[in-house]
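Subject: Structure handover and findings

Hi,

Here is the structure for your files. Please open it alongside this note.

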Amino acid sequence: DYDVDSFHWLNEEKTNLLNDNRSSEKPLLINGPPGVGKSHISFIWADQRAFKNAGAKWIPVQDGEGGKNDFIRKDVRDKNPVKAMFMTLNRNLIEQQNKRIKQYYQGSINPLNWQTVDIETYLQDMCKIIGIKWKKLEYSKFEEAFHENRIKQRNNSLLNEVRKKSIPALWLEYQVNFIDLDGVKKETDSYRGGRSDLFTTDEKDHMEAFAKYCQSEFTKYLSIPEIAGVISNRILEIENSDSRRDKERILTMKSDILVLDEVQDLTSPMLSLLLLMHKGELGSIFMCGDDEQTLLFSPFDWKNTFQKINAFFHEKSQIYPSSWQLKRLLAPKWKSAASDDLNNLLVVERNVEPIVDFIADSWNTSISQLVRPDSEPTTGAGAVKAGKKAKNKGEVLDKTGQMYGVYQRKIDSTSLIQLCKDISGSTQDAAVVFPDEILRDYFYEELAKEGIDLPLYT
């Protein structure tokens, strides 16, 4: 019933998704590229869950000051205090989400105790509560260990071959495949015989060299997935002990409603911990991510990640057979949920239609040719389409005569730099797209000389 320009307005795709899952007893899993509104609908979903948990019919917030149904929202808040946690590794999203939540409830009653938390800070707080000292393995420390000069000093030909891989790729391999379900560095034989997203089947000796080097260099250091595993095991010990004091202390860190954003940034030990720390219903879990966000064309794999989560819960249930939390966390059958219950969003509202179409076309003629060359995309960036609000923006801009869309120019260097100056000095929200990285990087340098800061893409 909202006007299309209202912050509270949702398109049909998102409305149907929320309606279909309003009473669901399963976690809500959402996949989609940037711009489809994953984070936006998370707090609307959480608002609905607050009403469900209170046994009340959902009353949407109203535009303007002083909602006529605020007494109902106040009643839900006062009778059933609920802690909703929005969690992500991306600290930039925390402030954005705080602003969105504030804007959503402007002039209305918020029935939830919202906590927006970056996961690294959460882990640090957990360590303090349960008495764990964490010497963190930072990326800078990892990068230093794999510096070419440092590797050469080892005089190891296999290690030299390992170093031919990029350091970001080695870092990803370390976190995703070298760290096991428990958040522990794998033994060499176990890692060598397992899955790798970086090394081929002919590079088992390289895997062994990588494992031995990491074990020797980072003995005293723990990455984020590793400390998550340590905390999970300590939590399970506490939950299955008679220590009432420790149980009460960790209770302050638990969620009634849980939103995990940018799931593709989280490894299985991190997800396992955050799920262990959720005390609300399984249907009060919301996870969203983008399986096309890649590093060196290694897409995030929902199935593989969820299979590891399931294996962790199953393994721990053998150690703690009476654990109520582990029994219920095994109920969703996470691996099949990643196939059967994953909702893919496609409709983009935050940009005008020609740019949405251009992004899909660019994806289909470049990236998808490398990662999915034999199939027409039905999900992800290659299948996005403009929604009602996006089209409405174009109509408004047509009336004002303002330029929008995508313009192709055959242009020389001098004219391009002048054009970029004009854009930079105007109120236009614009970017320049180049056909390759060499040209893009060249103009980064040229524009920097002129003091021009403009988004340059390929």
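Below is what was found, from the whole chain down to single residues.

**Ground rules**

This is a predicted model, in which local features need pLDDT of at least 70 and side-chain atom pairs count only at pLDDT 80 or more, while totals for chains, interfaces and linings use all residues. Residues are numbered from 1 along each chain as its sequence is written, and side-chain values use heavy atoms, with hydrogens and water left out.

**Whole chain**

The protein chain has 22 helices and 10 strands. Both are DSSP runs numbered from the N terminus: helices are H or I with at least four residues, strands are E with at least two.

Along the principal axes, the C-alpha atoms fill a box of roughly 70 × 65 × 40 Å.

Of the 458 residues, 48% are buried. Buried means under 20% relative accessible area, exposed means over 50%, and partly exposed lies in between (1.4 Å probe, protein chains only).

The chain exposes about 23500 Å², and carbon and sulfur atoms supply 48% of that area. Accessible areas come from the Shrake-Rupley method with a 1.4 Å probe; for residues, only the protein chains shown count as cover.

Now contacts, meaning heavy atoms within 4.5 Å. Take those between residues at least 6 apart in sequence: 76% of them join residues at least 24 apart.

On charge, there are 62 positive and 69 negative charges, and their mean positions are 6 Å apart. Lys and Arg count as positive, Asp and Glu as negative; His and the chain ends are not counted. Each charge is placed at NZ of Lys, CZ of Arg, CG of Asp or CD of Glu.

**Cysteines**

How many disulfides does a search of the whole structure find? The count is 0. A disulfide here is a pair of cysteine sulfur atoms within 2.5 Å. Cys214 is buried, with a relative accessible area of 0%. Cys288 is also at 0% and counts as buried.

Leu416 sits in helix H21 (residues 413-424). At 8% relative accessibility, Leu416 is buried. Ala331 is 85 residues away along the chain, and its C-alpha is 58 Å from that of Leu416.

Leu447 belongs to helix H22 (residues 437-449). Its relative accessible area is 2%, so Leu447 is buried. With neighbours within four places left aside, Leu447 is in contact with Ile417, Cys420, Ile452 and Leu456. Trp134 is 313 residues from Leu447 in sequence and 43 Å away, C-alpha to C-alpha.

**Positive phi**

Two residues other than glycine deserve a look here. Asn155 has a positive phi, near 55°. Asn155 lies in the loop between helix H7 (148-153) and helix H8 (157-162). Is Asn155 buried or exposed? At 73% relative accessibility, Asn155 counts as exposed.

Glu262 also has a positive phi, near 55°. The loop holding Glu262 runs between strand E4 (257-260) and helix H14 (268-276). Glu262 has a relative accessible area of 18%, so it counts as buried.

**Two partly exposed residues**

Pro377 is in the loop between helix H19 (367-371) and strand E8 (385-386). Pro377 is partly exposed, at 24% relative accessible area. Beyond residues up to four places away in sequence, Pro377 touches Asn364, Gly382 and Ala383. Glu353 is 24 residues from Pro377 along the chain, with 19 Å between their C-alpha atoms.

Leu251 lies in helix H13 (residues 244-251). Its relative accessibility is 44%, so Leu251 counts as partly exposed. Leu251 touches Lys83 and Lys279, not counting residues up to four places away in sequence. Lys279 is 28 residues from Leu251 along the chain, and their C-alpha atoms are separated by 8.7 Å.

Best wishes
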